[in-house]
Amino acid sequence: MDRLAQCHCGSLRAKTSGDPLTVSLCHCRDCQRRTGAVASSGAIFAKSEVTLEGDWKVFERDAAEGRKVRFRFCPNCGTSLYWEGDFSAELCGIAVGAFADPTFPPPLLSVYEQSRHEWVEPPDGVVRARRGLVSSAAAADDDKPSET
């Protein structure tokens, strides 16, 4: 299925083909600050199924284990639309809200629950992890950062 995600002003767009590999909610503090929301919702796609159009700027930050993550955002309206990290060269994330599609697939994962706002409850049936995508709920007592 082809989908279109775009920034607030519409000048940066991500066209996708196929369904996302997964959809997640991220409660990490970096995503809270990046989005201005209590959690971010991201769809993971193979980069080969995504085409970016328009101008963008890049914000790069440190991730876990000395890796980097890069966010592409619109230089006009500031929307953070697309991200990629050193943890997987073949994958990228796209902000689910940018699709503006209420029929978009629901999240399968809820990550960084250690910083989830207590009043936010993920949908029933999602896999929940205290830390990032490569962590597990069993590692709940380990406070070392993981991948986002």
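The protein chain in this predicted model averages a pLDDT of 89, and 89% of its residues score at least 70; pLDDT is the predictor's confidence in each residue, on a scale from 0 to 100. Where pLDDT is low, the predicted coordinates should not be read in detail.

A quick word on bookkeeping: residues are numbered from 1 along each chain as its sequence is written, and side-chain values use heavy atoms, with hydrogens and water left out. Local features need pLDDT of at least 70 and side-chain atom pairs count only at pLDDT 80 or more, while totals for chains, interfaces and linings use all residues.

Now the sheet. Eight strands make an open sheet with mixed pairing, in the order 6-7-8-9-4-3-10-11. Strands here are DSSP runs of E with at least two residues, helices are runs of H or I with at least four, and both are numbered from the N terminus. Two strands pair if DSSP finds at least two bridges between them. At the edges sit strand 6 (57-62) and strand 11 (127-128), each pairing on one side only.

Here are some of the antiparallel pairs:

| Strands | Bridges | Residues given |
|---|---|---|
| strand 4 and strand 9 | five bridges | 40-46 and 91-95 |
| strand 6 and strand 7 | six bridges | strand 7: 68-73 |
| strand 7 and strand 8 | five bridges | strand 8: 80-85 |

As for who faces whom, G42 stands opposite A95 in strand 9, V58 opposite R72 in strand 7, and V69 opposite G85 in strand 8. Strands 6 and 7 form a hairpin with five residues between them, and E65 in the turn has a positive phi of about 55 degrees. Strands 7 and 8 form a hairpin too, with six residues between them; there G78 in the turn has a positive phi of about 90 degrees.

Finally, T35, which is found in helix 1 (residues 29-35). T35 has a relative accessible area of 36%, so it counts as partly exposed; with a 1.4 Å probe and protein chains only, buried is under 20%, exposed is over 50%, and partly exposed is in between. A polar atom of the T35 side chain lies 2.8 Å from the backbone oxygen of C31, and one lies 3.1 Å from the backbone nitrogen of A37. T35 and T79 are 44 residues apart in sequence, yet 8.4 Å apart in space, C-alpha to C-alpha.

Terms used:
A polar contact is a pair of N or O atoms within 3.5 Å; within protein, one must be able to donate a hydrogen and the other to accept it, and residues adjacent in sequence count only if both atoms are side-chain atoms.
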